[in-house]
Amino acid sequence: MIRPLIVQSDRTILLEVGSPGYAEARDAISPFAELEKSPEHVHTYRITPLSVWNAAATGLSGVEMLDALVRYSKYPVPRNVAREMETWIGRYGRVRLEAVNGSGMQLVSEDSVILAEVGANPMLRPYLLGEVEGGRLAVNPVYRGHVKQALIKIGYPVEDLAGYVTGGALELGLRETSLGGIPMSLRPYQSASVDAFWQNGSVRGGSGVVVLPCGAGKTVVGMGVMTKCRTKTLILTTHTIAVRQWRDELLDKTSLREDEVGEYTGDTKDVRSVTIATYQILTYRRSKTEAFLHFDLFRRNDWGLIVYDEVHLLPAPVFRITAEIQATRRLGLTATLVREDGKEEDVFTLIGPKRFDVPWKVLESQGWIATARCFEIRVPLPEHQRLEYALEDNRTKFRIASENQDKIAVVERLVARHAKDQVLVIGQYLDQLETLQKVLKTPLITGKTPNAVRSKLYDEFREGKLKLLLISKVGNFAVDLPDANVLIQVSGTYGSRQEEAQRLGRILRPKKGGETASFYTLVSQDTRDQEFAANRQLFLTEQGYSYRISDAHEIR
């Protein structure tokens, strides 16, 4: 077998893209290594403590991780890499958080030296009650989340076995047939993800993140978890349209009645047994010095489960309140664990570790999501803008390149090529989108578009009455447009991998005719736009997609 890996002593892994064993090796290492760079010929991964701990949380053993490196590496795996991985894996769960006497809580470890180290650490001292005694260290239950955050910072990710509150009882189940007449059952990977989270109702489950592609039915996974917990549930999502999509899905696919499902948004404040709220309303306050007005929602209705939709977008203030409600079961749903703010550790500690993940290309091969082709189209800057671009600072350079006026003609040609398809055109800058609206003579949805108008346009697009729709970054997440099969990205948020994941996900729902989806990214050639596009594409490389690169003049 030709071995495509080179494992280096700095814990980076070089993977040769042209090797016959590339795809197999990529799938073997991606559960425990993070992709850093993906140029044409050699991709660079890095092994980190968090990547190893997340893999361990899904059940992958240290032996399996090391075996993958040995199996695909051209050269012997450096001893220090194997040793560091063994050390990190050995630290996962060495300290446990356990309940005692009903309301108390203790840190427990079979290693008295580790417990002494933990007990003496100044980051933990404010949350401790007394000293180490009999292999146990009492902690203040109020600071359960803070204790977990401190422990991961000193290299001991705690296994939280302290259990959960039951929450208010709620009887619900999945329908055998949805109200829309579709037979209802969990797909195999959805059922596996529910079981991985639930862990038979034991204290080893009940918190964590399920990573699945957009279009793979994360909402249904949330419903599956709800039927296991059978408790009052708070669902947090990105915007009002997403709230209503969740509500419609719950009423269509579960036994919940309309009077059991409430909406908590800027429009409506209706707390029911299942309440769906936006992150925006929860983080609203009149000024930066005032309290968050709606945080009391977390404590108002005896919740037994909180679902964090699009957990990679969770705002920092919601992390803070989540640290205080660790006794409530917590499910995170996302297409990618990548966060642009670097708070992956907070997701791990406060929501929970990754419980389930499956490569997008695996679900594509099984027919659960659409096959997608990805294209990068390089558009030269107009001659009159080149000097202006050259003289500006980096931030302005990126905007000039992103709004390259010659992208407009390329979009026109692509729209004409896909005249019979359901096409979304998405961008970052409103001036650019408004220009496209005039040229293409089609509706535009932005953050200022009223929810009623958005819903009407989305409905028309779903029904095929509208074949082309322009959307700003509000279309990045939690918008259900199952028949969209072409997406043209004219500009984006710098090098955001999470945005790339969300945008590709807009066109991955399986198509009735089984046709292939097309994802186009327009970048200005030899500019900051092209540099950032390379970083955005890291996500697609992780998932097994590759880009075909074309020049603008090739698009006819």
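User: How many residues lie between S3 and S4 in their hairpin?

Analyst: In general, helices (H or I, at least four residues) and strands (E, at least two) are DSSP runs, numbered from the N terminus, and two strands pair if DSSP finds at least two bridges between them. Here S3 and S4 form a hairpin with 4 residues between them. Strand S3 (residues 34–37) and strand S4 (residues 42–46) are paired in the antiparallel sense over 3 bridges, and Leu35 has Tyr45 as its bridge partner in S4. This is a predicted model, in which local features need pLDDT of at least 70 and side-chain atom pairs count only at pLDDT 80 or more, while totals for chains, interfaces and linings use all residues. Residues are numbered from 1 along each chain as its sequence is written, and side-chain values use heavy atoms, with hydrogens and water left out.

User: Which order do the strands have in the open sheet of 4 strands?

Analyst: The order is S7-S6-S5-S8, with mixed pairing. Strand S7 (136–139) and strand S8 (159–161) stand at the edges with a single partner strand each, so one side of each is left without a neighbour in the sheet. Strand S5 (residues 96–100) and S8 run parallel, joined by 3 bridges, and Leu97 has Asp160 as its bridge partner in S8.

User: Which strands does helix H6 touch as it packs on the sheet?

Analyst: Contact means heavy atoms within 4.5 Å, and axes are lines fitted to C-alpha atoms, for helices over the stretch in contact, with angles running from 0 to 180 degrees between N-to-C directions. Helix H6 (residues 144–153) touches S5, S6, S7 and S8, and its direction makes about 10° with that of S6.

User: At what angle do helices H9 and H18 pack?

Analyst: Angles under 35 degrees count as roughly parallel, over 145 as roughly antiparallel, 65 to 115 as roughly perpendicular and the rest as oblique. Helix H9 (residues 240–253) and helix H18 (residues 451–462) pack at about 55°, with their axes 10 Å apart, and they are therefore oblique to each other. Their contact is made by Thr240, Ile241, Arg244 and Gln245 of H9, together with Asn451, Arg454, Ser455, Tyr458 and Arg462 of H18.

User: How many helices and strands does the protein have?

Analyst: The protein has 20 helices and 22 strands, and its C-alpha atoms fill a box of roughly 75 × 65 × 50 Å, taken along the principal axes.
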